[in-house]
Amino acid sequence: MPEMETAAFETDLSLFKYDNLEQLPPAYRDLEADERTERIESALDTLGDDVVILGHNYQRREIVEHADFIGDSYQLSKEAAESDADYVIFGGVTFMAESADIITDDDQSVILPSMEASCPMAGMAEALQVDAAWAELTAALDDDEDIIPITYMNSYADLKAFCAEQGGLVCTSSNAHKAFEYAFEKGDKVLFLPDKHLGENTAHRLGMADETVEWDPWDAEGTDAADAVENDVILWEGYCQVHERFREHHIESIREDYPDANVIVHPECRREVVEAADVAGSTSTICESVAEADPGETWAIGTEIHLTHHLQRWHPEVDVVPLCGDACMDCNAMRQIDPNYLAWVLEELVEGRERNVIEVAPEEKELAQVAMDRMLEI
């Protein structure tokens, strides 16, 4: 296993950590929708309270209709931890299942139905890669300076562990500004991972727009470490492929078609999109805004398309429209949680077999919990 330069624990690339997860058996690949639904419901009846299903807001309807809880990633992990279920099936992506494994009891098993459900943004900041950058950046600091790493919840467990070991913490899109404040109380500079747009939007919120720089680990001729640490906020070159698709012209088009529309976008969007919107907030904020809207109001949603579709069903009295119309796309990683996978892992549990269990290494889990606990302190 590769050695870290600046951290005491060992880790590997996520690609190799979960290469033991299993593919969908051929017998499940061509299930018809009605048969699949009947088999899922039958398995759930058999398993009863022994299983809890978590459905992320970005999941397709065929998953969330079977979910015991629907929400954002950390909220769902907390629901799992508060349940008495032996088995937690996470309709999300790898880093979400890892977070659930970190905060649930040791006797609870966290299952990710599909091995392909891996968030691209989380993969843009692998701990081994960040460790190498950290060595370069810290070497360029003055002797009396400290840099504090903050990683977005949308990252792998080993990166959360790395941040804990270096005095840093985890944040969500809702509390990123508080994480920045915590970091600047502890040190002089912040390395924000892996989402540069959330980091930039947070820096703007705190009046630090002119004190940021991007660090691109893929560009050998990019920003020099000595130049990077001249800034207070160093933004890792990572982004959400769904939210980066939104552009200002989408908002301009919406305002032409719906002059009275309220435009709400996720803070993972580009800075100029956030500036042009009426509201920027987490998926919880988006859901709450639509739920609290007056009948007849129009809300244009700038996030993953499945959440927009859910809001249209859940709140028919509100005119909910996708910000980018037909151009809005789903999350490819979330799409990998095919409902046929759900049927498979449930029926395997009925037979006493656990498939695709996500287990964070003990040392990583302990450190990652520290980073998450620091977040809770703020």
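So, F180 and F192: both of these are buried, where buried means under 20% relative accessible area, exposed is over 50%, and partly exposed sits in between, with a 1.4 Å probe and protein chains only. Keep in mind that this is a predicted model: local features need pLDDT of at least 70, side-chain atom pairs count only at pLDDT 80 or more, and totals for chains, interfaces and linings use all residues. Residues are numbered from 1 along each chain as its sequence is written, and side-chain values use heavy atoms, with hydrogens and water left out.

Okay, F180 sits in helix α9. The buried residues of that helix are A176, H177, A179, F180, Y182 and A183. Helices here are DSSP runs of H or I with at least four residues, strands are runs of E with at least two, and both are numbered from the N terminus. And what do the buried residues of α9 pack against? That would be β5 (147-152), β6 (169-171), β7, α10 (196-205), β9 and α18.

On to the aromatics. Rings of Phe, Tyr and Trp (its six-membered ring) pair if their centres lie within 6.5 Å; planes under 30 degrees apart are stacked, over 60 edge-to-face, and the rest tilted. By that rule we get three aromatic pairs. One of them is W134 with F162, edge-to-face, at 5.9 Å centre to centre and 90 degrees between the planes. W134 is in helix α7 (residues 127-140) and F162 in helix α8 (residues 157-165), so this pair ties together parts 28 residues apart in sequence. W134 counts as buried at 5% relative accessibility, and F162 does too, at 0%. Then there's our opening couple: F180 and F192 make a tilted pair, 5.6 Å centre to centre with 45 degrees between the planes. Here F180 in α9 (residues 176-186) is linked to F192 in strand β7 (residues 189-193), twelve residues along.

Now the cysteines. Which residues does the UniProt "binding site" annotation cover? The unreviewed entry gives C119, C240 and C331; positions are in the numbering used here, feature names are shortened, and annotations may be inferred rather than shown by experiment. The three are spread over 213 residues of sequence, yet they cluster in space, with a largest C-alpha distance of 9.3 Å.

C119 is in the loop between β4 (109-111) and α6 (120-123), and it is buried at 13% relative accessibility. Skipping neighbours within four places in sequence, C119 is in contact (heavy atoms within 4.5 Å) with V93, F95, Y156 and A333. C240 is in the loop between β9 (233-236) and α12 (248-257). C240 is also buried, with a relative accessible area of 13%, and touches M121 and E268, again not counting residues up to four places away.

Last, the largest pocket, at about 620 Å³. A pocket is an open set of points on a 1 Å grid over the protein atoms alone, where a 1.4 Å probe fits, with protein on both sides within 12 Å along at least five of seven lines; lining residues have an atom within 4 Å of a point. Points are joined across faces, edges and corners, and the volume is the space filled by probe spheres set on them. There are 37 lining residues, and the closest to the centre are H56, S73, Y152, N154 and E268. α4 gives the most to the lining, with four residues. And the cysteines again: C119, C240 and C331 are in that lining.
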